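I am opening a new page for this chain.

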Amino acid sequence: VTNQQGLDPYTNDLQIDPTTPDTLYAAAESGIYKTTDGGDLWARSSNGIPDDMPVIDLAIDPLNPLVLYAITPD
């Protein structure tokens, strides 16, 4: 996990955790990013997705918000 001050400028989608609104997930050309402080600090969080794989879209499971679905070109 890499912490950084900003988010990949090529962000495709943003999802807000319905149970913890300060937690957001971003689908970006360089993977998935997560913040737990409302967007002040972002960390790359792409476990299971290759490093060079862009993420096009995200969805949080409405029945289990601990599950995040990601769509890639492959």
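I began with contacts, taking a contact as heavy atoms within 4.5 Å. Of the contacts in the chain with a separation of 6 or more, 33% come from residues 24 or more positions apart.

I noted the basis next: this is a predicted model, where local features need pLDDT of at least 70 and side-chain atom pairs count only at pLDDT 80 or more, while totals for chains, interfaces and linings use all residues. Residues are numbered from 1 along each chain as its sequence is written, and side-chain values use heavy atoms, with hydrogens and water left out.

Size. I looked up the radius of gyration, taken over C-alpha atoms, against the globule rule of 2.2 Å times the number of residues to the power 0.38. The chain has 11 Å, which agrees with the value near 11 Å for a compact globule because the chain has 74 residues. The C-alpha trace spans about 30 × 25 × 20 Å along its principal axes.

Surface. Buried residues (under 20% relative accessible area, 1.4 Å probe, protein chains only) make up 32% of the 74.

Strands. I count 0 helices and 7 strands, with helices (H or I, at least four residues) and strands (E, at least two) being DSSP runs numbered from the N terminus.

I then checked strand E6, residues 57–60. Leu58 and Ile60 form its covered face, Asp57 and Ala59 the uncovered one. E6 runs antiparallel to E7 (residues 68–71), joined by 4 bridges; pairing requires at least two DSSP bridges. Asp57 stands opposite Ile71 in E7.

Key:
Buried < 20%, exposed > 50% of the residue type's maximum accessible area, 1.4 Å probe, protein only.
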